[in-house]
Amino acid sequence: MSITAPQGFRAVGVAAGIKAAPKLDLALVVNDGPLDVAAGVFTTNRVQAAPVVWSRQAVADGRARAVILNSGGANACTGPEGFADSHRTAEHVAELLEVSAQDVLVASTGLIGERLPMDALLEGARTAAGALAAGPAADDSAARAIMTTDTVPKQASATTASGVVVGGIAKGAGMLAPQLATMLVVLTTDAVISAEAADAALREATRTTFDRVDSDACMSTNDTVLLLASGASGIEPGAEELADAVRAVSADLARQLVADAEGASHDVHVVVTSATSEAAALAVAREIARSNLVKAAIFGNDPNWGRIVAAAGCVPEDVAPFDPAALAVSVNGVQVSLGGGVGEPRESVDMTPRECLIEVDLGAGDATADIWTNDLTHDYVEENSAYSS
């Protein structure tokens with residue numbers, strides 16, 4: 001189980017006809033309470049989809065009873081009419097569930113620049129409201145309904161020492177370069193918590209998980225990560241306990257997103273150590289993760305450490321101070337570069353495993369940060385050259 005593993009939640013995914021039948025394309029997640037606590041983080045792209053604008057406003061009071069999510073259309077760059085569609089969706093779901101429209105959050109994913117087929121969406125919402133359930137089948141259908149180019153649904157859950165449960169579903173296989181959030185993610189918990197505690201736990205978890213997934217350096221207009229708390233367990237966990245559980249589920253989902261990145265043949269973990277600050281380490285890790293030359297080399301099973309140190313050197317000194325002559329690079333456990341120069345023979349590196357570990361030691365301090373990315377393949381180009389067809 002995942003999204004309904006915590007007490008107090010029901011969910012479902014249905015085929016509303018937004019995408020070609022019989023594909024699931026509409027998910028509904030409902031918090032039955034007794035609490036209606038909610039928190040959210042969203043894309044910082046200046047071009048923001050209508051559901052992001054709606055949900056950002058709606059969750060600002062720290063409350064929500066339901067989330068309706070669709071695939072098959074982003075409802076982005078659709079003007080005032082697109083925002084009206086999101087508002088209408090929330091009002092329709094609110095009427096079906098007998099709650100306030102301000103307590104219904106909306107999320108969409110798919111092609112930018114096209115209006116959603118509202119008749120199909122609203123009728124699908126009615127069908128979903130009548131089919132809500134808890135259990136593995138409900139979780140799976142909801143996770144599948146939000147998929148676009150994903151090849152598998154993403155689900156996770158965790159239970160804390162005190163018995164609080166956190167669950168979640170996610171979608172995403174491309175445009176994974178967040179800035180505070182990423183893709184579409186709904187997390188649930190049955191903990192008794194305040195809106196402030198939920199927001200703090202979500203932002204800290206997002207900072208070190210979803211924000212550390214950088215597949216293709218492209219940030220979506222629709223990125224949304226939500227946390228709903230029902231309080232149905234009757235257990236009030238400590239702040240650290242809650243944060244650890246939310247982070248564990250977020251990390252699990254983030255890792256699944258990387259593993260399903262469009263066309264990828266390698267999952268690449270970039271770890272930067274001995275930096276002057278976490279921000280400095282993160283800047284270097286992200287620069288390496290976003291280098292097309294590094295990603296192409298990994299696709300070719302080439303541990304080309306020259307491309308790695310070159311990417312590290314692109315980070316301005318005032319952002320990440322380090323001595324280039326102190327750099328050391330290891331690929332899959334083999335130190336191919338030492339002291340800014342040649343290390344062990346690159347032929348010693350086994351590049352055949354799916355996971356590739358790149359470790360960069362800056363020799364400048366004690367801070368560490370990491371990023372998950374993937375290689376750049378022919379299949380990625382093919383996937384994204386015909387996305388709208």
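Tutor: Ala, Val, Leu, Ile, Met, Phe, Trp, Tyr, Cys and Pro count here as nonpolar, Asp, Glu, Lys and Arg as charged, and the others, including Gly, as polar. The model is predicted, so local features need pLDDT of at least 70 and side-chain atom pairs pLDDT 80 or more, while totals for chains, interfaces and linings use all residues. Residues are numbered from 1 along each chain as its sequence is written, and side-chain values use heavy atoms, without hydrogens or water.

A cavity is a set of points on a 1 Å grid over the protein atoms alone where a 1.4 Å probe fits but cannot get out, and its lining residues have an atom within 4 Å of a point. Points are joined across faces, edges and corners, and the volume is the space filled by probe spheres set on them. Two cavities of 30 Å³ or more turn up in the whole structure.

The largest cavity holds about 60 Å³. Its lining has 14 residues, with Asn70, Thr89, Val106, Ser108 and Leu121 nearest the centre. By class, eight of the lining residues are nonpolar, five polar and one charged. At least two lining residues come from each of strand S4 (66-71), H2, S5 and helix H3 (118-129); helices (H or I, at least four residues) and strands (E, at least two) are DSSP runs, numbered from the N terminus.

In the loop between S3 and H1 sits Ala49, which is buried at 0% relative accessible area. Setting aside neighbours within four places in sequence, Ala49 contacts Ala74, Asn75, Ala76, Thr221 and Asn222, a contact being heavy atoms within 4.5 Å.

The second largest cavity has a volume of about 50 Å³. Residues lining this cavity include Val294, Ala297, Ile298, Val331, Met351 and Cys356. H8 gives the most, three residues, and helix H8 (292-299), helix H9 (305-312) and strand S14 (355-361) each supply at least two. The division is nine nonpolar, one polar and two charged.

Next come the nonpolar cores, each a set of buried Ala, Val, Leu, Ile, Met, Phe, Trp, Tyr and Cys residues joined through side-chain atoms within 4.5 Å. The largest has 51 residues, and Leu26, Leu28, Ile68 and Leu69 have the most contacts inside it. Apart from it lies another core of 35 residues, among them Ala280, Ala289, Trp305 and Met351.

Arg255 pairs with Glu355, the closest N and O atoms being 2.7 Å apart. That pair joins helix H6 to strand S14 across 100 residues of sequence. Glu355 is partly exposed, at 44% relative accessibility. Arg255 also meets Asp267 in a salt bridge (3.2 Å, N to O).

Note on methods. On a 1 Å grid over the protein atoms alone, a cavity is a set of points where a 1.4 Å probe fits but cannot get out, and a pocket is an open set with protein on both sides within 12 Å along at least five of seven lines; lining residues have an atom within 4 Å of a point. Buried means under 20% relative accessible area, exposed over 50%, partly exposed in between (1.4 Å probe, protein chains only). A salt bridge is a side-chain nitrogen of Lys or Arg within 4 Å of a carboxyl oxygen of Asp or Glu.
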